[in-house]
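Colleague: I am new to this structure. Please walk me through a few parts of it.

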Amino acid sequence: MRLSYPFLRRFGMGAHLALIIGLSAVPAGFLVARFIHAHQQDAIAEAEQWTRAAAKYAAAQHRTQIASTQALLVANSQQVRNQTVSDDQCVESVDTSYKVWLIASAKLSCGESGELPLTDESMKKIVEQAPQQGFSIIGPIEAPGGDLTLFGVHGSRADDGTTWLVVRSVDLSWMPVFSEGRSEFSNYVVMEYDDDGRVFERFSADGTDLTEIELPLFTAGRYDSKAIERGDASSMTMEDIDGVKRIFGIAPLPEARATVVVAVSHASIVSAAQRELIGTLALFGAVIAISTFLAWLIIERKILRAVRKLRDAAVAMTNGEDGRVVEIVDAPYELQQLAVAFNEMTAKLQHQALHDQLTGLPNRRSITQRMELLQRDRTAFSVLAVDLDGFKPVNDTYGHVVGDMVLTEVARRLENCLPHDVTIGRTGGDEFVALIPAESSDAASNKRAVVIAQIFLDQIRQPIKVKSGELVKIGGCIGIACWPQGDATPEDVFRHADSELYRAKEAGKNRYSVYKPKPGATRAA
């Protein structure tokens, strides 16, 4: 039986794609895919091995530094009985039972007058975690500047019964040479976190301290140390706390109840492996190009014709033409469905173009269109320009998430208190606008607009409960302008309402002001 195109078309777009794959991918695709996958897996396995070795090396360095700190503290503890304090050391009593003796380090030293540069809370944690006798690593504990720091502590008891705690911060070195000339291993991150998953040291390969830069990320989420420790050679790739996918190597540091991690960018490893394949795949590229050309000759007449219809409709929509509907009937089923989805998408985009994304209210463009309709029908109307008072302090204090929630709640309240023929919209920031058809042809009376303005101010004044449980209060001012007034256009009405809004703001909060050809008095709500 001769294989005609109508017969092939009945199987839909899958048959077309199968034909393309048969012409272009079958000769080389299978081998190429296996080769690329195997090469990438080898590169990832090598990176996993490297990160584990690097983490162990870093942990070994830290053990050396901890041992050095221990030796120094033990030596200084011999001076407890003599209570001899040198210039770079400082002592402070904690109640009547403890004395804390700080040995200065590069990271933490005594104040100019010999006081301990630690808060009372930090001192309390040192006393709670420190041993009565002997040496231990405690922390991380907050040091000056908000940094979390490990401390070495040696406890001993003096002849008078006082427990002396000789303390020194453990200054970890984070600059080992890990890359060994390998460019794909140069983009690594070294960090340390405690048993609770709190990161207290984090550095990039160039020595940049990321701890403070990425601090919001550490407070938003912590590392799951158990999940990392369960990783094996095939599952050590995971998303880092900053959203970057990395390959992790870990080494426990039980002396400090912490874990050392070296992580390298997964993308850099994969891209390096891909670069190595460029020369090998050049021949395959030529084969694929020829196969693609042959496939194009087959599908151009039918499939591309439908695609062109979609393209033309998309270009028309980009140029501002609304309402174009794409109809595709002489094409595979999938393209017909694509046309249906395209038509639905254009309808949604038109909706989004006329509505505010945060609150779902009509935007300024939509309000303007409705004003033009009322003008064409010679229907009198009023415009209320609403601006919130006190919103910026709320936004600055609680953040944009709470600010958006406040705007959404205000929009809901204003929308719920309106009659069905009144339109409320958001024009940007903390500004709203209402379009109110007049109940009679005498728009100058403003009675309905004034009543609704008062309702708006009452609704806005009501406290709003945020997620933290706190109540925030804001106010508002409203400017009112009416149409018809001479030859005023929709933009003129907006401008008049805005001018009255600023006049109300100058007079105080929670007010409205009505535009008149001659300046009128401002009314307080």
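Colleague: Which residue in β10 does Arg246 stand opposite?

Modeller: First, a caution: this is a predicted model, where local features need pLDDT of at least 70, side-chain atom pairs count only at pLDDT 80 or more, and totals for chains, interfaces and linings use all residues. Residues are numbered from 1 along each chain as its sequence is written, and side-chain values use heavy atoms, with hydrogens and water left out. Strands (E, at least two residues) and helices (H or I, at least four) are DSSP runs, numbered from the N terminus. In β10, the residue opposite Arg246 is Ser265.

Colleague: How many bridges join β9 to β10?

Modeller: Two strands pair if DSSP finds at least two bridges between them. Strand β9 covers residues 245-253 and β10 covers 258-265. They run antiparallel, and the number of bridges joining them is 8.

Colleague: Which strands stand at the edges of the open sheet, and why is one side of each left without a neighbour?

Modeller: The sheet has 5 strands with antiparallel pairing, in the order β7-β6-β10-β9-β8. An edge strand has a single partner, so one of its sides has no neighbour in the sheet. The edge strands are β7 (199-204) and β8 (237-239).

Colleague: Are α11 and α12 parallel or oblique to each other?

Modeller: Helix α11 spans residues 391-398 and helix α12 spans 400-416. They pack at about 140°, with axes 6 Å apart. Axes are lines fitted to C-alpha atoms, for helices over the stretch in contact, and angles run from 0 to 180 degrees between N-to-C directions. Angles under 35 degrees count as roughly parallel, over 145 as roughly antiparallel, 65 to 115 as roughly perpendicular and the rest as oblique, so α11 and α12 are oblique.

Colleague: Which residues touch the most other members of the largest nonpolar core?

Modeller: Such a core is a set of buried Ala, Val, Leu, Ile, Met, Phe, Trp, Tyr and Cys residues joined through side-chain atoms within 4.5 Å. Buried means under 20% relative accessible area, exposed over 50%, partly exposed in between (1.4 Å probe, protein chains only). This core has 32 residues; α11 and α12 are among the elements that each supply at least two. Those touching the most other members are Leu384, Val406, Val410, Phe432, Phe456 and Ile478.

Colleague: What separates the C-alpha atoms of Tyr502 and Ile478?

Modeller: Tyr502 lies in helix α14 (residues 490-507). At 47% relative accessibility, Tyr502 is partly exposed. Tyr502 and Ile478 are 24 residues apart along the chain, and their C-alpha atoms are separated by 8.4 Å.
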